[in-house]
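These are my notebook entries on a structure I looked through today.

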Amino acid sequence: MRSGIVIVTYNRMELLKECLDCVFAQTVPFAQVIVINNHSTDGTKAYLEQLEYPELTTHHLTKNLGGAGGFAKGLEEAEKYQLDWIVSIDDDAMLNQHYLEYLMQYASAHPKCVAMSGTVRTNGKIQGIHRRKVVSKLLFLEKNISQREYQKEYFHCDCATFCGLTIRRDVIGQIGLPNAGYFLWYDDTEYSLRLRKMGGVINVSAAYLNHKVELPTEKQGVLERTTWRHYYGCRNRYDVAKRHFGKLSARMVSLEYHMLIGMSYLMSLYAGKHQHARFNIQMIHDALSDAENGRFGFNEKYWSDNKKVEMFSSKYSDQMAESTHRHLVIKKNFSSPD
């Protein structure tokens with residue numbers, strides 16, 4: 001079987017170098033390596049252009065399309081090659097050298113499989129947030145796959161992130177590309193739910209990668225760790241609920257977020273929290289309004305370069321963004337993985 005990989009990168013050249021080293025060190029080599037440079041400004045383009053690997057193809061985008069747009073572009077390019085399977089990762093995912101080998105072993109033994117994933121670890125610890133199951137369609141609630149499941153040779157999951165998600169190429173032609181309009185967050189959840197209708201994602205536990213992120217070291221309340229990213233999470237989660245579970249589910253998600261608006265008003269009464277509470281109220285209002293009116297894509301108001309937004313964000317925003325499940329949800333959904 002011929003396999004390819006899509007890597008989306010943005011301004012993390014040193015991580016990209018390590019990522020590519022891992023990709024080219026696979027015991028079963030990739031037939032095609034596709035890098036989507038999401039308009040990086042840190043020298044990534046020059047670095048990629050001096051590499052000499054016959055299987056490497058690079059695409060330098062003229063603007064940042066976000067993770068959603070990057071993976072949509074990458075899978076679109078991958079479809080042009082005679083591949084059987086396509087792996088998707090960001091530049092901070094370091095594949096173990098046997099990652100592809102173990103996935104292809106499973107695929108060979110299970111020809112009806114449509115999608116696979118591997119185990120995501122950070123500092124040696126399994127990060128269950130990357131493989132989840134839907135526990136309530138009405139409320140659109142998800143739960144991390146139990147750590148016990150990883151002791152099995154393989155298991156099924158409803159939702160998987162693009163941190164190692166591997167898709168059969170012909171299936172992409174049937175379900176389409178990821179929704180580039182999401183820009184950030186929930187693009188992989190929505191795509192997984194499409195795959196779920198085709199048979200779902202199988203996680204092969206022995207195949208693993210190291211996700212090189214900084215885990216949070218301090219705990220904060222859910223309303224205190226919101227950042228500009230949560231605008232996209234709130235907006236897109238509403239849309240996923242509506243697309244896959246119906247209008248009633250979307251209304252329940254909207255109600256959940258209106259509860260958070262109410263909690264933010266209470267938060268504003270505490271000294272030192274007024275500005276962040278005001279940010280939460282405006283951000284949730286904007287997200288729901290845009291989702292309900294079909295306004296998707298990049299919103300320049302919610303971006304790291306927007307200093308007006310950044311001043312409301314916690315100094316731990318980058319760390320917390322990795323730990324908040326790509327959601328802005330009520331506190332009960334921020335419990336530790338099983």
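Is Tyr270 buried or exposed? I note before answering that the model is predicted.

Entry 1, surface. I looked up Tyr270 and found a relative accessible area of 55%. Because exposed means over 50%, Tyr270 counts as exposed. I located Tyr270 in the loop between α8 and α9. I then checked its surroundings on the surface: Tyr270 forms a nonpolar patch with Leu266 and Leu269, and together they have about 390 Å² of accessible area.

I turned to the largest nonpolar core, which has 36 residues. The members that touch the most others are Phe140, Tyr232, Tyr257, Ile284 and Tyr302. I recorded α7 (229-245), α8 (247-267) and α9 (274-292) as the elements that give two or more residues to this core. The largest share, eight residues, comes from α9. Apart from this core I found another, of 35 residues, including Met94, Leu95, Met104 and Met116.

I listed the contacts of Tyr232, leaving aside neighbours within four places in sequence. They are Tyr182, Phe183, Leu184, Gly297, Phe298, Asn299 and Tyr302.

Entry 4, strands. I examined strand β4 (residues 85-90) and found five of its six residues buried, so β4 is largely enclosed by the rest of the structure. Strand β1 (residues 3-9) runs parallel to β4, and six bridges join them. Strand β12 (residues 165-168) pairs with β4 in the antiparallel sense, over four bridges. I noted Ser88 of β4 in both pairings: Val6 stands opposite Ser88, and Ser88 stands opposite Leu165 in β12.

Key:
Residues numbered from 1 in each chain as written. Predicted model: local features only at pLDDT ≥ 70, side-chain atom pairs only at ≥ 80, totals over all residues. Heavy atoms only, no water. Core = buried A, V, L, I, M, F, W, Y, C linked by side-chain atoms within 4.5 Å. Buried < 20%, exposed > 50% of the residue type's maximum accessible area, 1.4 Å probe, protein only. Contact = heavy atoms within 4.5 Å. Patch = residues over 30% accessible without salt bridge, like charges linked within 9 Å, V, L, I, M, F, W, Y side chains within 5 Å. Areas by Shrake-Rupley, 256 points an atom, 1.4 Å probe, with all protein chains shown as cover. Salt bridge = Lys/Arg side-chain N within 4 Å of Asp/Glu carboxyl O. Pairing = 2+ DSSP bridges.
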